Structures are given as structure tokens and as C-alpha cells.
Amino acid sequence: MKQTLTEKPLKVAVTKSLRKWLVTINLNIEEVEDGYSCDSITTELEHRPTLDDVRTIITDHIDSMTDEKILWGYPWTVQHGPDEGKEVKVWLSKENQSNFKAKHDAALIYPDKVKFPMTYKISEDTETKKAIYEVFENITELATFYLGGLAYIESCYNAGWAEKDAVEGWLEDVEL
């Protein structure tokens, strides 16, 4: 069973090489058939690491994982078009987030000027790399998609913040 920082503290190891210090932090331990598996972060420092260094390494990692989850994690079932019914992970780059917001806002403010249906490339097939499109028939469908994306992003940030908060609790037991 996969565990997160909020469930179980993991290991921090510090190793001195000739002129560098290596900090290895094991996160998200998972019990597997032959033992354990985990995400491991190794960072090289030019000075003996402090607790603040360890905290920064972990929070930077959590931020990176949160950004990655947002980028490729928003689940959506295609409603219209050639891929109707297909479950995909929506590509939520900053540019796409901005484009979705702009079109949504314009459709609300200027309903007579924004025409439906509208088509967006929202993902791609992981095997064939073929583009996957969604066709929005009206503002309600576009709003459902857009607001769902906002809720998904917020949930990712909340999970990341909870993990960062948990770091403080178990770092008290870390000795460097």
C-alpha cells in the first residue's frame, strides 16, 4: 500500500564525498512483493546540509510533483466528437488554462459573439500520439469542463499543501 508523507515519515540520509555532501530523501514508501519501493530524491550540496536544506529539497519536490499532476492529471470523459466516451487526462498547461478561461469568460460576457459548437484539443492518445478533441455544444458544457478543471487544480494544490504541512511534523525526528 502506498503511503504519503501525511501517513508515515521516511528516511533522510546524508553522505560526505570528497568535496560534496549528498542528501538522499526517500518519500512515498510502498510495500511490494520483495520488500519496499519509494520515490528517492538525491541532491548534491557544497556544504553540510541543514534541516532547512532538507525541508527545501522536499518542498521543491512536492511542488514539482503537484505541477506534474496538474499538467497531466485532470480526468475527463470526451462528450462529443470522434473520441466520444473515451476517458482522457487533459493537458492543463498554463497556456491551455488561460485559453479555456478566456473562451469561457468571453462566452459568458458576450454570448451573441461567441459561437458554439467549439472544438478544443484537450489531450492525446498515449500510444498513437493522436490528438484528442472535445466539442463543446454550448456554454453549459464548456462551463462544466472549465469549472471541473479549476476544482481539480485546487484539489492538487490542497494535497500538496497537506504534504508540505506534514513535512514539519516528521522533520522534528530527523538527525543530520
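Predicted model: local features only at pLDDT ≥ 70, side-chain atom pairs only at ≥ 80, totals over all residues.
Me: Which residue forms a salt bridge with Lys86?

Reply: Lys86 pairs with Asp125, and the closest N and O atoms of the two are 2.6 Å apart. Lys86 lies in the loop between β4 (74-77) and β5 (87-90), while Asp125 lies in the loop between β6 and β7, so this pair ties together parts that are 39 residues apart in sequence.

Me: Is Asp125 buried or exposed?

Reply: A residue counts as buried when its relative accessible area is under 20%, and Asp125, at 16% relative accessibility, therefore counts as buried.

Me: What else does Asp125 reach or touch?

Reply: The side chain of Asp125 reaches the backbone nitrogen of Thr128 at 2.9 Å. If neighbours within four places in sequence are set aside, Asp125 is in contact with Lys86, Lys130 and Ile132. The loop that holds Asp125 runs between β6 (118-124) and β7 (131-136).

Me: Which side chain meets Lys20 in a salt bridge, and where do the two residues lie?

Reply: Lys20 meets Glu46, with an N to O distance of 3.0 Å. This pair links distant parts of the chain, with Lys20 in the loop between β1 (12-16) and β2 (21-32) and Glu46 in the loop between β3 (35-45) and α1 (51-73), 26 residues apart. Lys20 counts as partly exposed at 25% relative accessibility, whereas Glu46 is exposed, with a relative accessible area of 65%.

Me: Which salt bridge does Lys164 form, and which helices hold the two residues?

Reply: The side chains of Lys164 and Asp63 meet in a salt bridge, at 2.5 Å from N to O. Lys164 is in helix α3 (residues 139-171) and Asp63 is in helix α1, so that the pair links distant parts of the chain that are 101 residues apart. Lys164 is partly exposed, with a relative accessible area of 22%, and Asp63 is also partly exposed, with a relative accessible area of 30%.

Me: How should I read the packing of α1 and α3, and what is the angle between them?

Reply: Two helices can be described by the angle and the distance between their axes, and here α1 and α3 pack at an angle of about 160°, with their axes 10 Å apart. That makes α1 roughly antiparallel to α3, because an angle over 145 degrees counts as roughly antiparallel. The crossing of the two helices is right-handed.

Me: Which residues meet where α1 and α3 pack?

Reply: On the α1 side the residues include Leu51, Val54, Arg55, Ile58 and Asp63, and on the α3 side they include Tyr152, Cys156, Lys164, Val167, Glu168 and Leu171.

Me: What does Arg55 contact, and how does its side chain take part?

Reply: Arg55 lies in helix α1 and is partly exposed, with a relative accessible area of 21%. Leaving aside neighbours within four places in sequence, Arg55 is in contact with Glu168 and Leu171, and its side chain makes a polar contact with the side chain of Glu168 at 2.6 Å. The C-alpha atoms of Arg55 and Val167 are separated by 7.4 Å, although these residues are 112 residues apart along the chain.

Me: Which backbone details deserve a look, beginning with the peptide bond from Phe116 to Pro117?

Reply: The peptide bond from Phe116 to Pro117 is cis, with omega near 0°, and Pro117 lies in the loop between α2 (94-109) and β6. A second detail concerns Lys129, which has a positive phi of about 65° although it is not a glycine. Lys129 is found in the loop between β6 and β7, and it is exposed, with a relative accessible area of 53%.

Definitions and conventions. Residues numbered from 1 in each chain as written. Heavy atoms only, no water. Helix = DSSP H or I, 4+ residues; strand = E, 2+ residues; numbered from the N terminus. Buried < 20%, exposed > 50% of the residue type's maximum accessible area, 1.4 Å probe, protein only. Polar contact = N/O pair within 3.5 Å; in protein donor to acceptor, adjacent residues only side chain to side chain. Contact = heavy atoms within 4.5 Å. Salt bridge = Lys/Arg side-chain N within 4 Å of Asp/Glu carboxyl O. Axes fitted to C-alpha atoms, helices over the stretch in contact; angles between N-to-C directions. Parallel < 35°, antiparallel > 145°, perpendicular 65-115°, else oblique. Left-handed = near helix turned anticlockwise from the far one by under 90°.
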